[in-house]
Amino acid sequence: MNFLPPRGVARSLCVQSLVWATGNGVFATGSAVFFLNVTGLSPVQVGIGLSVAGALALAGAVPLGRVADRIGGRRAWLWGVLGEAAALALYPAIHGFAAFLALVALPALAEALAAAGRLVYQTAVLPRSERLRTLAFVRSAMNVGFFAGGGLAAVPLAIGTHWAYRCMVLAAALGLLVNALLIARLPAPPSPPAPSSPPTPSSPPSPSSPLTPFSAPEPISSTAPSPPTAPLSPPAAPSPPTPSPSAASASTSAFSSPASPAGSPAVSPSRAGVWRDRPFLALVALCSLLASHASLTTEVIPLWLTARTDAPRVMLAVLFAVNTAMCVALQVVASRGADTPAGIVRALRRGGLVCALACLPLALAGAATGGMTIALLLTGSALVTLGELWQSAGYWGLTTELPPPAARGEYVGAARMSFGLQSMLGPASLTFLAMHGDGPGWAAIAAAFVAGAVLTAPVMRWVTSTPRSVAMTPTPALADAGTRSVAAR
């Protein structure tokens, strides 16, 4: 297996992601210590401030995605990273809860803008055949960076002085500035093809000219063209339009909705927006459920290990190392094929079913002892990580292949809300089920993952059979019924 991304923009994106994740890992590892010891805040005040920031980022996800559509992905990405760097540089000056609340929203909103701009840029600059594989390499680089950042943060945490904590935050801000420089040096995405000007009444299109997928077919005479003075023969039934090579190459999506029924206009992102695209929002809701693997990894499993098993506490570090190693080594493999409707469904379904299967060894670990406890925890954590890898691949397919190109940032913002919803609802609900429900609670968690996996295919059929202003072709296995109904018309 080749663990290095291809040369060119793919490798540049990986280097940038490594730098960003290293700085982010430094801050994420030591942020709690910094806020409690330097700013004088209480744990409750820190929690309230971070919750406010998360709510603002969730509410601003779609509007900031629209900003990315308007100003361009790379520019939105760059501005967002610079906003994050400015906020971190100001953190050492915080004194008191009011100043913390006033400042904490800035990095959250800036990160939401940067995330939307990043995916808009990556989708535009990467060829579709390389897109998901490159994103998998990017995520692997991020995991390496987070791991490195956590190790670097150990130095100021070991020193343990206020100045060491301040230098830790300023070092994270400096890392973001380096990251911004790398983003500014990335190549500009190719310009979209110029739209063809509509025909004027004085110069009608030639019957022999090729038709694009968005032009209405003209009735063609069944005989050769007659002189203008001769009567025209009755028109034959129009043949289906054949996409021209230029129109086919201009499409950046892997599949398209069927044509709208007569008298039913297609969904227009400029008029309706993502909030009117109910099939897409339903798929986002399913992703929110399947993304609960994050709560299992970061909250539920550590609490379960600590409170309900006899495993040594050092196992928390072992489980984290296993998760990181699997994400680095297996993400590229797990993302293969997730750039089609069937591939997205397959990845999301696998992710949900594997996470459901992980609940069994995790639940049994609460009743085991000694080496059996460790083996069950390792098995359950590894299965959750596999589910994370497949769910991430399905999410990338959803955000890069489904949105209309002109509203990609807006759709990405809506898709990112799945993680915001999961981070708000997942930790409390899953922790309650696991810690207070024991076996039945773990069974309920598994049932939720199974339900999400089973519902993925019918929701995807709804998505691919709904008109959307992109040039997509539904996979027959998923949208066969919708395709037949459209062909019949």
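Modeller: Let's settle one word before we start: buried means under 20% relative accessible area. This is a predicted model, and 46% of the chain's 489 residues count as buried.

Biologist: Take α12 and α14. What makes α12 roughly antiparallel to α14?

Modeller: The crossing angle. Helix α12 (residues 341-365) and helix α14 (residues 408-464) have axes that come within 8 Å and cross at roughly 175 degrees. Angles over 145 degrees count as roughly antiparallel, so that is the label α12 gets relative to α14. The residues in contact include I344, L348, L353 and L362 of α12, and W442, F449, V450 and M460 of α14.

Biologist: And by class, how many nonpolar, polar and charged residues does that contact have?

Modeller: There are 18 nonpolar, three polar and one charged. Gly is put with the polar class, and G352 of α12 is among the contact residues. R349 of α12 is in the contact too, and Arg counts as charged.

Biologist: Staying in α12, why is G351 called buried?

Modeller: G351, which sits in helix α12, has 4% relative accessibility. The cut-off is under 20%, so G351 counts as buried. Leaving aside residues up to four places away in sequence, G351 touches G387, W390 and Q391. G351 and L290 are 61 residues apart in sequence, yet their C-alpha atoms are 7.3 Å apart in space.

Biologist: How do you know that L305 is buried?

Modeller: L305 comes out at 0% relative accessibility, and anything under 20% qualifies, so L305 is buried. L305 belongs to helix α10 (residues 293-308). Its contacts, not counting residues up to four places away, include P312, M315, L316 and L377. L377 is 72 residues from L305 along the chain, with 8.0 Å between the C-alpha atoms.

Biologist: Then what makes T369 exposed?

Modeller: T369 has a relative accessible area of 57%. Exposed means over 50%, so T369 gets that label. T369 is in the loop between α12 and α13 (370-401). T369 and D310 are 59 residues apart in sequence and 6.4 Å apart in space, C-alpha to C-alpha.

Biologist: Q122 is a glutamine. Is Q122 buried or exposed?

Modeller: Buried: the relative accessible area of Q122 is 4%, against a cut-off of under 20%. Q122 lies in helix α5 (residues 97-125) and touches L13, L135 and V138, not counting residues up to four places away in sequence.

Biologist: Last one: among contacts between residues at least 6 apart in sequence, what share joins residues at least 24 apart?

Modeller: That share is 83%.

Key:
Residues numbered from 1 in each chain as written. Predicted model: local features only at pLDDT ≥ 70, side-chain atom pairs only at ≥ 80, totals over all residues. Heavy atoms only, no water. Axes fitted to C-alpha atoms, helices over the stretch in contact; angles between N-to-C directions. Helix = DSSP H or I, 4+ residues; strand = E, 2+ residues; numbered from the N terminus. Parallel < 35°, antiparallel > 145°, perpendicular 65-115°, else oblique. Contact = heavy atoms within 4.5 Å. Buried < 20%, exposed > 50% of the residue type's maximum accessible area, 1.4 Å probe, protein only.
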